[in-house]
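Biologist: Before we talk through this protein, could you put it up on the screen, so that each term we use can be checked against what we see?

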Amino acid sequence: MRQFESEQLTVFQSVLYQTTSAVIKTKEAIIVTDPNWLPNEIAEIKAYIESIIGDRKLYIIYTHSDYDHIIAAGAFPQATTIASVAFVNRTNKEQVLEQIRQFDAQYYIERDYPIVYPHIDIVIKEDGQTLEFPDITCTFYLSPGHTADGLFTVVEPYGILLAGDYLSDVEFPFIEDYEAYAATVQHAQTIIAHKKVEVIVPGHGTTTNNRAEIQNRIDTSLLYLNNLANGSVDETELQKLYPFYTGLTEMHELNKKAVHK
Ligand SMILES: [Zn+2]
């Protein structure tokens, strides 16, 4: 289903984990993030892209390599792909593909495209690397912490931040590397201030163009990280903040371990 629509940006939301796929329409390019999850959802995104593409070139940004975010890579073989250097250099790629196969086996899901780890055409090696189009500029920022290969993209002049699995309203931080995660949220704060970000699209949950809500997402992440380090996270508070908290308790336990690594 479509979660958010503006002149340039349409965000699709999967029924699973409220995972998003952003589709940005520019003069000469269509830019998509992480097409996901279910075959009918991929078909809907594909049909939408086909309806607006005209002579435009298709780009797909992979925000990171968790299996839910690369699950439909094989459905877009014609796309020019973008991801971080850590995404390309990930060593256990077969393990991610196996997670997709396991998921599809568990739910008897058939797909009309191959399950592949995406080949990346434009590799983001440096923080602040840019990609210029006639009417827009994409600036990429390395965003490790949730996974080592996270990537933020800011699309100017639209003021869109494609945040991957950060700044969600349905998930507290899912932490692989605590120090890196905290630095990435601080980095997001700086980017939002300097780049005049007006809309953020999280990998899971709700897209927002509300300035106060954007700041609230940053503050909520920082507060959780801080409380986690101090051992003072209030779980009743988390239950109030996150409607699916009962499904996330295990992630909170894993985070407690991550902070002491
Ligand atoms: Zn995710």
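Biologist: Where is the place of W37?

Modeller: This is a predicted model, and in it W37 sits in the loop between β4 (29-33) and α1 (39-53). The peptide bond that leads from N36 to W37 is cis, with omega near -20°. A cis peptide bond also joins E156 and P157, where omega is about 10°, and P157 is placed in the loop between β10 (151-156) and β11.

Biologist: What makes D34 count as buried?

Modeller: A residue is called buried if 20 or more other C-beta atoms lie within 10 Å of its own. D34 has 26 C-beta neighbours inside 10 Å, and therefore it counts as buried. D34 is found in the loop between β4 and α1, and its phi is near 35°, which is a positive value in a residue other than glycine.

Biologist: How do you know that L167 counts as buried?

Modeller: The reasoning again starts from the cut-off of 20 or more other C-beta atoms within 10 Å. L167 has 26 such neighbours inside 10 Å, so it counts as buried. L167 lies in the loop between β11 and α5 and, although it is not a glycine, has a positive phi of about 55°.

Biologist: Why is D177 called partly exposed?

Modeller: D177 has 16 other C-beta atoms within 10 Å, so it is partly exposed. D177 is found in the loop between β11 (160-164) and α5, and, leaving aside residues up to four places away in sequence, it touches P144 and G145. D177 and A258 are 81 residues apart in sequence, yet 6.4 Å apart in space, C-alpha to C-alpha.

Biologist: And what makes R111 partly exposed?

Modeller: R111 has 15 other C-beta atoms within 10 Å, and so it is partly exposed. Its place is in the loop between α4 (93-106) and β7 (122-124), where R111 touches P39 and D104, not counting residues up to four places away in sequence. R111 and F172 are 61 residues apart in sequence and 31 Å apart in space, C-alpha to C-alpha.

Biologist: Why are α5 and α6 called roughly antiparallel?

Modeller: Angles over 145 degrees count as roughly antiparallel. Helix α5 and helix α6 (residues 211-230) pack at an angle of about 160°, with their axes 10 Å apart, and they are therefore roughly antiparallel to each other. Their crossing is left-handed. The contact is made by Y181, A182, V185, A188, Q189 and I192 of α5, together with I214, I218, S221, L222 and L225 of α6. By class, this contact has nine nonpolar, two polar and no charged residues.

Biologist: Which residues have the most contacts inside the largest nonpolar core?

Modeller: They are F152 and L161, in a core of 60 residues. Helix α5 (residues 178-194) gives the most to this core, with five residues. Not counting residues up to four places away in sequence, F152 touches F140, Y141, S143, L161, L162, A163, G164, A188 and I191. One of these, A188, is also among the α5 residues that make the contact with α6.

Notes:
Residues numbered from 1 in each chain as written. Predicted model: local features only at pLDDT ≥ 70, side-chain atom pairs only at ≥ 80, totals over all residues. Core = buried A, V, L, I, M, F, W, Y, C linked by C-beta atoms within 7 Å. Buried ≥ 20, exposed ≤ 12 C-beta atoms within 10 Å, placed from the backbone. Helix = DSSP H or I, 4+ residues; strand = E, 2+ residues; numbered from the N terminus. Contact = placed C-beta atoms within 7 Å. Axes fitted to C-alpha atoms, helices over the stretch in contact; angles between N-to-C directions. Parallel < 35°, antiparallel > 145°, perpendicular 65-115°, else oblique. Left-handed = near helix turned anticlockwise from the far one by under 90°. Nonpolar A, V, L, I, M, F, W, Y, C, P; charged D, E, K, R; others polar.
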